[in-house]
Amino acid sequence: MIVVDRSEMLVVGHAVRTSNAEELEQGRGRLGALWARASVPGAFAHVPGRIDENLYAVLTDYESDHHGAYTQVVGVAVRSAAALPEGMVAVRVPGVQALKVEARGPMPGALLEAWQQVWKHTESGGSPARAFTTDLEIHHAEGADLYVAVFPSMRPAG
């Protein structure tokens, strides 16, 4: 894990509200259906202003920490959200300092392993501390990159 400055972006896609506990409980998880919908070829072909072919998952509106509810939006990065397709939402991903974790290998196992690294960092009180504001997954041909928002480090003025 390294700390990087994540750029601001805009993502348009489908959203669900869930929690890690719900996702682990048989029959209560919502992420599987969300990802199945997003993974259909051409699922976002009608979204105007796409900037690339990657899939993005935005985790936001955290109720508390990784034990509470959050909203996940799965979609595509766009230049603007002037015309939202029916049933989709737009979410602004602010530019922040973030822990970057790379997930490589068979999915979704590699992604789960990456999140487990993040949860271990969080549980152990690792520094920098997670901000629980807006986190981002970028899914691309090589795997996925996680950008987990952290509290900014104090940098000397200069």
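**Salt bridges in the predicted model**

Arg104 is partly exposed, with 37% relative accessible area; the terms used here are buried for under 20% relative accessible area, exposed for over 50%, and partly exposed in between (1.4 Å probe, protein chains only). The structure is a predicted model, in which local features need pLDDT of at least 70 and side-chain atom pairs count only at pLDDT 80 or more, while totals for chains, interfaces and linings use all residues. Residues are numbered from 1 along each chain as its sequence is written, and side-chain values use heavy atoms, with hydrogens and water left out.

Arg104 has a charged partner, Glu102, and their side chains meet in a salt bridge with an N to O distance of 3.9 Å. A salt bridge here is a side-chain nitrogen of Lys or Arg within 4 Å of a carboxyl oxygen of Asp or Glu. Glu102 is also partly exposed, at 47% relative accessibility. In general, side chains of opposite charge can pair when their charged atoms come close.

A welcome place to look next is Arg28, which takes part in a salt bridge with Glu22, the closest N and O atoms lying 3.3 Å apart. Arg28 is joined by a salt bridge to Glu25 as well, with 3.6 Å between the closest N and O atoms. Glu22 counts as buried, at 18% relative accessibility, whereas Arg28 is partly exposed at 39%. Glu25 is partly exposed too, its relative accessible area being 41%.
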